[in-house]
Amino acid sequence: MQVPYELKPSSIAGVGVFATAPIARGTLLWKYGPDSVIEHDEASLRARLATLSKEEQVALCEHVYTWEGKVVEIIDDAKYWNHATTKSGQNTGNHPDAENGEGDCLSSYALRDIVEGEELTDDYSKYDEVAWYEGICKEIGARSCMSIGLEFQ
């Protein structure tokens, strides 16, 4: 995480990530990289899940996102980012000035000014649908990020 934050109970679901200071529009919040994610194809995700209890498998599959045919396991506190749509309060995502070449299209940025105490949210429905991951979620009884995003649009 690139900004001051805290984890605490969320009115959206479970635990959420909350700003502990004001954050200006366009600020880098979370940087995508080897210290923050592990990218999985089907074989590597299945191998990772094989090392976990059933409860841990569900928790892992419900705290990842999908992009370009991969499952991205978030290995820092950003895995607690909750879902909201633009209409319901999404405040993070790709850089708000991406069309002007800003941002890296992988990390999370403030889409608008965020006030201290506000929960950081992203729109899960914008993630890619990955059929093999959806299948794994069904096998273990987990809800995929994409299904949550589509359910709560």
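1. Cys-61 counts as buried in this predicted model, because its relative accessibility is 1%, and a residue is called buried when that value is under 20%. Cys-105, by contrast, counts as exposed, since its relative accessibility comes to 54%, where the cut-off for exposed is over 50%.

2. Cys-61 accordingly takes part in no disulfide, and the cysteine sulfur nearest to it, which belongs to Cys-137, lies 4.6 Å away.

3. Turning to the strands, three of them make up an open sheet, in which the order is 4-6-5 and the pairing is antiparallel. Strand 4, covering residues 37–40, and strand 5, covering residues 64–67, are the edge strands, each of which pairs on one side only. From one strand to the next, the twist averages 30°. As background, strands of a sheet pair through backbone hydrogen bonds, and this pairing may be either parallel or antiparallel.

4. Looking at one pairing in detail, strand 5 and strand 6, the latter formed by residues 70–74, run antiparallel and are joined by four bridges. Which residue of strand 6 is the bridge partner of Thr-66? The partner is Val-71.

5. Finally, there is the placement of a helix against this sheet: helix 1, made of residues 42–50, lies across strand 4 and strand 6. Relative to strand 4, helix 1 runs at about 120°, and strand 4 is, as noted above, one of the edge strands.

Note on methods. Residues numbered from 1 in each chain as written. Predicted model: local features only at pLDDT ≥ 70, side-chain atom pairs only at ≥ 80, totals over all residues. Heavy atoms only, no water. Disulfide = S-S within 2.5 Å. Buried < 20%, exposed > 50% of the residue type's maximum accessible area, 1.4 Å probe, protein only. Pairing = 2+ DSSP bridges. Helix = DSSP H or I, 4+ residues; strand = E, 2+ residues; numbered from the N terminus. Axes fitted to C-alpha atoms, helices over the stretch in contact; angles between N-to-C directions. Contact = heavy atoms within 4.5 Å.
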